[in-house]
Amino acid sequence: MQNLTQQTPASTSSTDFSADLLRRLEDIPEEVQKKWPKDLSALIDIYSASLQRLGYNQQEASKISHILLAEQAVYCGGRYFYLPKPDALKKAVRDVEIHRDWSERNMLPEALAAKYQLSNIHIYRILKQQQNYRRHTRLKQNDG
């Protein structure tokens, strides 16, 4: 397992968070964290537990959890966002993997249908949706 406690998080210069702040998030006392909204504290606990299950020690998991929370605050802070339920999230990840298998690994739609236990028509529909999404994202980036 890579030792992440020695690494410095990437600077998020486009935000109010500095790299120095990100390095010190893990030092926020537990009694201060308890005053945070319970969902915020729960996210840290969820991230930390998941990282520990992946083999990170408690200190590494805590540090990464705080960094993830800070990054999420940068991206989503001050606004509501939709977080899909597990089944919808699994489907979305599956669809990305189908597209990746097709575009990067050159798998044929028939092989994808067998691998993911879907019909050929469903595979073609997913590939078209993923292509449209990527095209839309590229256009948006070029206009922005």
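Student: How many residues does helix H4 have, and how far does it reach from its first C-alpha to its last?
Tutor: H4 covers residues 58–76, so to speak a run of 19 residues, and reaches 26 Å, close to the 27 Å expected at 1.5 Å a residue. The expected span is 1.5 Å times one less than the number of residues. Before we go on: this is a predicted model, where local features need pLDDT of at least 70 and side-chain atom pairs pLDDT 80 or more, while totals for chains, interfaces and linings use all residues. Residues are numbered from 1 along each chain as its sequence is written, and side-chain values use heavy atoms, leaving out hydrogens and water.
Student: What caps the N-terminal end of H4?
Tutor: Asn-57 does: one of its side-chain oxygens lies 3.0 Å from the backbone nitrogen of Gln-59.
Student: New topic. How many helices and strands are there?
Tutor: The protein has 7 helices and 0 strands. Both are DSSP runs numbered from the N terminus: helices are H or I with at least four residues, strands E with at least two.
Student: Which residues make up the largest nonpolar core?
Tutor: Its 8 residues are Ile-98, Leu-112, Ala-113, Tyr-116, Leu-118, Ile-123, Ile-126 and Leu-127. Helices H6 (109–116) and H7 (120–143) each give two or more residues to this core. A nonpolar core is a set of buried Ala, Val, Leu, Ile, Met, Phe, Trp, Tyr and Cys residues joined through side-chain atoms within 4.5 Å.
Student: What does Leu-127 touch?
Tutor: Leaving out residues up to four places away in sequence, Leu-127 touches Ile-98, His-99, Trp-102, Pro-109 and Leu-112. Contact means heavy atoms within 4.5 Å.
Student: Is Lys-128 buried or exposed?
Tutor: Lys-128 counts as exposed because its relative accessibility is 57%. The cut-offs are under 20% relative accessible area for buried, over 50% for exposed, and partly exposed in between (1.4 Å probe, protein chains only). Lys-128 is found in helix H7.
Student: How far apart are Lys-128 and His-99 in space?
Tutor: They are 9.1 Å apart, C-alpha to C-alpha, and 29 residues apart in sequence.
Student: Last one: what percentage of the residues count as buried?
Tutor: Of the protein's 144 residues, 25% do.

Terms used. A polar contact is a pair of N or O atoms within 3.5 Å; within protein, one must be able to donate a hydrogen and the other to accept it, and residues adjacent in sequence count only if both atoms are side-chain atoms.
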